[in-house]
Amino acid sequence: MTGTPAPFTADDYQARMERAARAAADAGLAGVLVAPGPDLVWLTGYAPPAATERLTLLVLAAGQDPVLVVPTLEAPDAEKAAGAPALTLRDWTDGKDPYATTAPLLDAGGRFGVSDNAWALHLLGLQKALPGTSYVSLTEGLPMLRAVKDAAELERLAAAGEAADATYEEILKVAFAGRRESEVAGDLADLLRRFGHSQVDFTVVGSGPNGANPHHEAGERVIENGDMVVLDFGGLKHGYGSDTSRTVHVGEPSAEERRVHDVVREAQEAAFRAVRPGIACQDVDRVARAHITEAGYGDRFIHRTGHGIGVTTHEPPYMIEGEEQPLVPGMCFSVEPGIYLPGRFGVRIEDIVTVTEDGGRRLNNTSREMAVVH
């Protein structure tokens with residue numbers, strides 16, 4: 001396992017806030033409004049102590065200093081954030097109107113990008129205070145804001161991928177047959193934490209017919225000899241995501257099961273080899289989908305080929321038909337084709353991939369051959 005990376009500095013956060021303000025201006029927006037959540041952590045290093053109905057909002061706009069509006073009682077915590085030296089805090093007290101505090105910071109007729117998880121309560125409050133303003137979600141207005149990772153972010157993503165790989169290698173040693181899916185899922189969660197994850201986001205264990213549901217929640221089904229088992233797991237390490245999938249078999253697989261697994265493995269390999277700067281996100285999806293369709297399973301590949309990953313495990317860009325965003329060095333996303341046969345079994349193989357100057361690099365490196373477990 002790699003060591004703990006150096007923490008991000010106030011200069012790192014200042015550069016991100018300046019980049020966000022410039023991107024907003026380039027997109028024709030008056031600025032960016034960021035509520036508590038992944039965007040706020042990425043831009044400032046600040047995570048409020050708990051979900052609260054009190055307004056907390058980062059205001060970014062080209063040509064003006066960043067301002068974080070916070071409740072007075074939470075200002076001491078905000079002042080401790082790593083990015084605090086790069087911004088101005090403006091607090092408001094209970095009994096006062098937080099929108100009156102925020103309104104002077106905004107262009108009264110501007111259109112703003114707003115973090116996706118902002119409360120409707122606060123957005124409606126701003127609209128009431130500034131009826132000339134309008135808003136668009138960051139996923140729609142600035143979808144690539146966090147998409148291109150720098151070297152320090154790539155280091156963290158690689159460490160998360162390494163931990164997920166170590167988890168997979170260990171899970172192959174445990175018993176599957178005769179145990180509930182939820183028990184194996186618990187093993188996965190324990191292993192992710194053992195290898196340094198601070199947060200486990202999902203542990204999919206889809207055995208037999210449950211594997212045909214891509215987002216099956218591990219349940220009480222007892223895994224049987226002869227089952228195909230889809231494993232999909234990930235979370236956060238050093239604040240950055242992991243997400244990998246492998247499909248194993250309890251006992252010796254049938255010829256058909258081997259064939260379906262081979263088709264998915266070959267599609268995943270072909271899609272990975274297609275990754276390079278300049279091609280559109282949808283082209284990665286098209287390559288994987290074409291291979292699976294040619295093998296006769298096109299209608300059983302029922303989800304996109306991939307999603308971005310960073311401070312959250314699912315974020316833009318998405319490898320899906322219609323997404324014409326070109327790949328750029330530093331982008332990180334999953335490549336995870338699958339085939340799902342209802343009532344029988346499913347197969348999915350997933351790696352996190354980062355775009356390099358001349359191709360792609362996998363951040364998951366465990367074997368993609370079908371493993372036989374017991």
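Visitor: Is Phe-345 buried or exposed?
Guide: Keep in mind that this is a predicted model. Phe-345 sits in strand 15, residues 345–348. The cut-off for buried is under 20% relative accessible area. Phe-345 has a relative accessible area of 4%, so it counts as buried.

Visitor: How far apart are the C-alpha atoms of Phe-345 and Val-229?
Guide: Along the chain, Phe-345 and Val-229 are 116 residues apart.

Visitor: Which residues form the aromatic cluster?
Guide: A search of the whole structure turns up three aromatic pairs. One cluster is made of Phe-8, Tyr-13 and Tyr-240.

Visitor: Which arginine lies over the face of Phe-8 at 3.9 Å from the ring centre?
Guide: Two arginines need checking here. Arg-16 lies over the face of Phe-8, but at 4.3 Å from the ring centre. The one at 3.9 Å is Arg-156.

Visitor: How many disulfides does the structure hold?
Guide: A disulfide needs two cysteine sulfur atoms within 2.5 Å. For Cys-281, the nearest cysteine sulfur belongs to Cys-332 and is 12 Å away, and Cys-281 is in no disulfide. Cys-332 is in no disulfide either, its nearest cysteine sulfur being that of Cys-281. The count for the structure is zero.

Visitor: Are helix 9 and helix 10 roughly parallel or roughly antiparallel?
Guide: Helix 9 covers residues 255–274 and helix 10 covers residues 281–294. Their axes come within 8 Å and cross at roughly 155°. Angles over 145 degrees count as roughly antiparallel. So helix 9 and helix 10 are roughly antiparallel.

Visitor: What is omega for the cis peptide bond that joins Pro-316 and Pro-317?
Guide: Pro-317 is found in strand 12, residues 315–319. The bond joining Pro-316 and Pro-317 is cis, with omega about 5°.

Visitor: What is phi of His-238 near?
Guide: His-238 lies in the loop between strand 8 and strand 9. With a relative accessible area of 28%, His-238 is partly exposed. Its phi is positive, in a residue other than glycine, and is near 55°.

Key: Residues numbered from 1 in each chain as written. Predicted model: local features only at pLDDT ≥ 70, side-chain atom pairs only at ≥ 80, totals over all residues. Heavy atoms only, no water. Phe/Tyr/Trp six-rings, centres within 6.5 Å; stacked < 30°, edge-to-face > 60°. Lys NZ or Arg CZ within 6 Å of the ring centre and 35° of its normal. Axes fitted to C-alpha atoms, helices over the stretch in contact; angles between N-to-C directions. Helix = DSSP H or I, 4+ residues; strand = E, 2+ residues; numbered from the N terminus. Parallel < 35°, antiparallel > 145°, perpendicular 65-115°, else oblique. Buried < 20%, exposed > 50% of the residue type's maximum accessible area, 1.4 Å probe, protein only.
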